[in-house]
Protein chains: 2
Amino acid sequence: MIQLSRSQIEALVSVDAETAEAVRDAYRAISDGRANLPPVGYLGFPEAHGDCHIKYGHIAGDAVFAVKIASGFYDNPAKGLPSSTGVVLVFSALTGQMEALLADEGYLTDLRTGLGGAVASLALCRPDARRFLIVGSGTQAYWLARSLQSLAPKAEIAIWGRNPDRAGALCARLDGVTVAPDLESACRAADVILTATPAAAPLVRADWIRPGCHITAIGADSPGKQELETALVARAQLRVADSLSQCLDHGEFAHAHAAGLIGPDHCVELGAILSGAAAGRQGPDDITVADLTGLATQDIAMARCVLARAKGTA
Amino acid sequence: MIQLSRSQIEALVSVDAETAEAVRDAYRAISDGRANLPPVGYLGFPEAHGDCHIKYGHIAGDAVFAVKIASGFYDNPAKGLPSSTGVVLVFSALTGQMEALLADEGYLTDLRTGLGGAVASLALCRPDARRFLIVGSGTQAYWLARSLQSLAPKAEIAIWGRNPDRAGALCARLDGVTVAPDLESACRAADVILTATPAAAPLVRADWIRPGCHITAIGADSPGKQELETALVARAQLRVADSLSQCLDHGEFAHAHAAGLIGPDHCVELGAILSGAAAGRQGPDDITVADLTGLATQDIAMARCVLARAKGTA
């Protein structure tokens with residue numbers, strides 16, 4: 001059995017083109033019927049301010065399947081521990097034998113979420129998009145920036161955070177990324193906006209968005225979270241979901257859906273666009289919105305990449 | 001992180017009184033509301049003749065929670081691999097940190113199922129029961145016998161198997177256990193019958209059962225399996241379920257339930273009897289039947305026992 005620590009995994013996979021392609025394939029697998037993704041398991045620990053999600057699934061044809069167990073315990077920082085942690089277990093899809101324990105401490109989730117945001121944004125934005133705004137200054141903002149830098153080297157990236165010191169500290173870790181002092185003016189100037197916050201009330205207003213802008217929202221991954229004004233989602237010419245069922249249930253699109261403004265017929269799955277089965281952006285002035293809630297196929301794809309490289313077969 | 005192999009785990013926990021008490025407590029936790037048990041996760045691999053079950057949960061007050069990932073790949077023996085395998089992961093319920101990887105290869109499941117069958121049978125049979133019949137000659141029959149020998153040293157144990165050679169080989173591994181040549185006469189003579197087969201059609205007939213007999217059925221753990229004639233379940237004076245919802249859905253009781261012969265009000269949970277909240281056997285001539293489908297609380301209890309002994313705190 002292969003057993004890898006976070007630092008070993010970091011040395012094997014990062015924001016490279018091959019890993020990005022694995023993320024793209026993971027989106028396609030959702031939409032072309034290759035993915036077998038049972039409902040996400042959930043265990044809550046209200047007294048300890050914690051929860052645990054168990055994501056698992058299999059992509060038809062893959063030699064392995066993966067089970068990701070990821071926890072968030074929000075009193076951990078006071079104990080000197082990270083609030084989020086996780087492991088990914090990889091099993092043979094032919095014999096059920098355990099092949100690997102990836103003690104990635106959430107690294108693979110951060111990586112695939114960052115790559116996913118970049119992949120979706122670059123697939124849906126105007127080809128001439130240059131000004132990228134990241135809203136949020138946490139771990140996910142870092143990986144969005146790193147992924148954009150890798151996949152779109154000409155992108156001019158700015159970061160806005162509610163806490164300017166935190167945004168400044170993040171930019172200091174990222175070569176050539178600047179702090180956006182004001183959210184409204186930064187949104188008005190952006191060709192592409194990527195939101196990665198835990199906001200429970202809309203941050204980005206519909207009337208701040210210029211024609212042709214693309215927005216990717218990755219913060220709303222559970223009920224009650226919202227980053228974009230509902231009117232912005234309703235007004236977009238194209239709404240793209242990583243998973244229709246998840247996005248309408250508890251993603252960014254859930255609010256417009258609950259308000260009766262959109263339904264499944266008003267959204268397209270990202271995988272269908274990436275495979276060419278559905279149309280993406282139609283014109284240079286379209287406003288497009290992608291809602292990414294996170295999928296176990298991405299975890300499977302990351303696990304497959306790590307395993308292939310650890311075995312020297314990639 | 002503690003990491004233990006099957007042989008290391010075997011050296012830590014077996015059919016001892018303390019582990020049996022942990023199994024009893026795991027049943028009580030189901031019935032007294034301490035257990036948080038989300039639905040079991042399932043992933044099928046029809047082309048590889050395999051499947052994977054993910055059982056997880058938490059017992060209120062426990063410092064740890066457990067996730068068990070158990071697979072059955074039925075072409076494995078031809079590849080020189082066991083058909084069943086599994087791992088149990090143990091996490092802190094206070095911080096979410098992974099505490100242990102128990103690579104038990106299914107040992108803990110076999111052990112807790114054997115102990116569970118013995119615990120249920122001894123709680124429900126007549127105090128003067130002596131003749132115990134185990135129906136089945138597989139791994140589970142072995143652990144039922146070992147558990148009975150440990151918890152009821154005076155039990156006279158016989159084993160019947162469809163394949164007499166296999167039953168003979170099993171008895172040769174078990175001190176003082178004899179082969180029952182004929183199922184009907186063995187059932188007619190038994191004070192307690194424990195069934196542990198993958199039967200899809202009833203093996204044990206209602207009119208073979210004498211007054212006062214207790215039967216524990218552990219084979220029916222998924223839809224389509226049945227070990228006892230439906231009339232036997234319907235006729236019993238006491239029906240005991242490890243989990244009412246599981247047993248009526250896909251356990252031994254599901255058949256009588258589907259036939260409209262019994263409902264939830266005609267069954268009692270084992271944990272309620274073990275805690276004294278519900279009555280068990282009422283008279284020496286009652287026929288009692290227990291249906292055990294398997295619960296993640298038992299996996300949690302096993303994980304807790306292993307961890308405590310590995311840390312030297314048990």
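This is a dialogue on how to read several features of the predicted model shown above.

Student: How is chain A laid on chain B, by what turn and what shift along the axis?

Tutor: Two copies of a chain are related by a rotation about an axis and a shift along it. In this predicted model, chain A can be laid on chain B by a turn of 180° with a shift of 0.0 Å along the axis, and the RMSD is then 0.1 Å. That is the relation of a two-fold axis. Within chain A, the C-alpha nearest the axis belongs to G41(A), at 3.6 Å from it.

Student: How many residues of each chain are in contact, and which strands of chain A supply the side that touches chain B?

Tutor: The size of an interface is often given as the accessible area lost when the parts come together. On the side of chain A that touches chain B, at least two residues come from each of β3 (41–45), β4 (50–59), β5 (64–73), β6 (84–92) and β7 (98–103). By class, that side of chain A has 20 nonpolar, 12 polar and 1 charged residues. Because 100% of the interface residues of chain A are also interface residues in chain B, the copies meet through the same surface.

Student: How are the strands β4, β5 and β6 of chain B paired?

Tutor: In a regular strand the side chains alternate between the two faces of the sheet. In chain B, β4 (residues 50–59) and β5(B) run antiparallel and are joined by 8 bridges, with V67(B) of β5(B) as the bridge partner of Y56(B). The hairpin of these two strands has 4 residues between them, and there G61(B) takes a positive phi near 95°. β5(B) also pairs with β6 (residues 84–92) of chain B, in the antiparallel sense over 9 bridges, and the bridge partner of V64(B) in β6(B) is S92(B). Of the 10 residues of β5 in chain B, 8 are buried, so this strand is largely enclosed by the rest of the structure.

Student: Is A60(A) buried, exposed or partly exposed, and where is it found?

Tutor: A60(A) lies in the loop between β4 and β5 of chain A. A60(A) is partly exposed, because 13 other C-beta atoms lie within 10 Å, whereas a buried residue would need 20 or more. A60(A) and R34(A) are 26 residues apart in sequence, but their C-alpha atoms are 5.0 Å apart in space.

Student: Into which domains is chain A divided, and what supplies the contact on the side of domain 1?

Tutor: Chain A is divided into domain 1 (2–108 + 297–310) and domain 2 (117–295), and 23 Å separate their centres, taken over C-alpha atoms. The contact takes 15 residues from domain 1 of chain A and 16 residues from domain 2 of chain A. On the domain 1 side, α2 (17–31) and α11 (296–310) of chain A each supply at least two residues, and the largest share, 9 residues, comes from α2(A).

Student: In what order do the strands of the open sheet in chain A stand, and which stand at the edges?

Tutor: The order of the 8 strands is β10-β9-β8-β11-β12-β15-β13-β14 in chain A, and the pairing is parallel. β10 (178–179) and β14 (268–269) of chain A stand at the edges with a single partner strand each, so one side of each is left without a neighbour in the sheet. For β10(A), 2 bridges join it to β9 (residues 156–160) of chain A, and T178(A) is the bridge partner of A158(A).

Terms used
Residues numbered from 1 in each chain as written. Chains lettered and ligands numbered in written order. Predicted model: local features only at pLDDT ≥ 70, side-chain atom pairs only at ≥ 80, totals over all residues. Nonpolar A, V, L, I, M, F, W, Y, C, P; charged D, E, K, R; others polar. Domains from an automatic or database assignment. Contact = placed C-beta atoms within 7 Å. Buried ≥ 20, exposed ≤ 12 C-beta atoms within 10 Å, placed from the backbone. Least-squares fit on C-alpha atoms with pLDDT ≥ 70 in both. Pairing = 2+ DSSP bridges.
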